[in-house]
Amino acid sequence: MILSKEIQSPLGILLAGAVEEGICLLEFTEKERLELQLSRLKKVFGEDIQPGESRFFHQLEEQLKEYFEGKRKEFDIPLVVLGTDFQKKAWEALHSVVYGKTNSYEAQAIRIGDKNAVRAVAKANGENRIAILIPCHRIIGKTGDLTGYGGGLWRKKFLLELEQKYSDSPTLPFFRGE
């Protein structure tokens, strides 16, 4: 069984999902995107989703609160990410992009060992079911343009500006905005 709970954030309501081992979903609640992610989640886990309390939800809410206050730069809550080997590699590469920095889809593809897999990397990022904690918002176009974010580009911009504001090593603007 996958337990779910709505969590308030400065970016709107997030739906969290958890299984016995950890968090398996954190998604913005716009209907079309959420329905797609819930469908994927049910298919991958082979489990039903129902509202409930998980032992991970309080920790998740605390860590998200600290993140939005600029007090947390890394999350240490257990995550459960099921996907293809390629997706897992792409999602793992996202963790190499440190707080307050960005990288390109091309650089992410190179990091996982296939410089020609830019589109496949972008697709895998789009299928990431754990927003913010698996930081696909840190991936931008190689020209510095904001591109593709399931939660909307305005949220991506918000997250990048938040991280840049609280980064230990602030840099010059690292993306071109909208």
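Let's start with how the chain comes together: of the contacts (heavy atoms within 4.5 Å) between residues at least 6 apart in sequence, 59% join residues at least 24 apart. This is a predicted model, in which local features need pLDDT of at least 70 and side-chain atom pairs count only at pLDDT 80 or more, while totals for chains, interfaces and linings use all residues. Residues are numbered from 1 along each chain as its sequence is written, and side-chain values use heavy atoms, with hydrogens and water left out.

The protein has six helices and six strands, taken as DSSP runs numbered from the N terminus (helices H or I, at least four residues; strands E, at least two). Their order from the N terminus is β-β-β-α-β-α-α-β-α-α-β-α. The radius of gyration, taken over C-alpha atoms, is 16 Å, close to the 16 Å given by the globule rule for 178 residues, so the protein is as compact as a globular protein of that length. That rule is 2.2 Å times the number of residues to the power 0.38. Along the principal axes, the C-alpha atoms fill a box of roughly 45 × 35 × 25 Å. Buried residues account for 47% of the 178; buried means under 20% relative accessible area, exposed over 50%, and partly exposed in between (1.4 Å probe, protein chains only).

Four strands form an open sheet in the order 3-2-1-4, with mixed pairing; two strands count as paired if DSSP finds at least two bridges between them. Strand 3 and strand 4 stand at the edges with a single partner strand each, so one side of each lacks a neighbour in the sheet. From one strand to the next, the twist averages 30°. Axes here are lines fitted to C-alpha atoms, for helices over the stretch in contact, and angles run from 0 to 180 degrees between N-to-C directions.

Strand 2 and strand 3 pair in the antiparallel sense over six bridges. For Ala-18, the bridge partner in strand 3 is Ile-23. Helix 1 packs on this sheet, touching strand 1, strand 2, strand 3 and strand 4, and its direction makes about 160° with that of strand 3.

## Helix 1

Helix 1 (residues 31-45) has 15 residues and spans 21 Å from its first C-alpha to its last, close to the 21 Å expected at 1.5 Å a residue; the expected span is 1.5 Å times one less than the number of residues. Its buried residues are Arg-33, Leu-34, Gln-37, Leu-41 and Phe-45. They lie on the same side of helix 1, because they cover an arc of only 90° around the axis, the arc being that of the directions from the helix axis to the C-beta atoms.

Besides the strands of the sheet, these buried residues pack against helix 5 (118-126). The face turned away from the buried side carries the exposed residues Lys-31, Glu-32 and Lys-43. After the helix comes Gly-46, with a positive phi near 65°.

## Helix 3

In helix 3 (residues 85-94), the buried residues are Gln-87, Ala-90, Trp-91, Ala-93 and Leu-94. Their arc around the axis is only 155°, which puts them on the same side of helix 3. Helix 4 (105-111), helix 5 and strand 6 (139-140) are among the elements that cover them. On the other side, Asp-85 and Glu-92 are exposed.

## A buried loop residue

Ser-9 sits in the loop between strand 1 and strand 2, and is buried, with a relative accessible area of 15%. Not counting residues up to four places away in sequence, Ser-9 touches Leu-14 and Phe-68. Ser-9 and Leu-64 are 55 residues apart in sequence, yet 7.9 Å apart in space, C-alpha to C-alpha.
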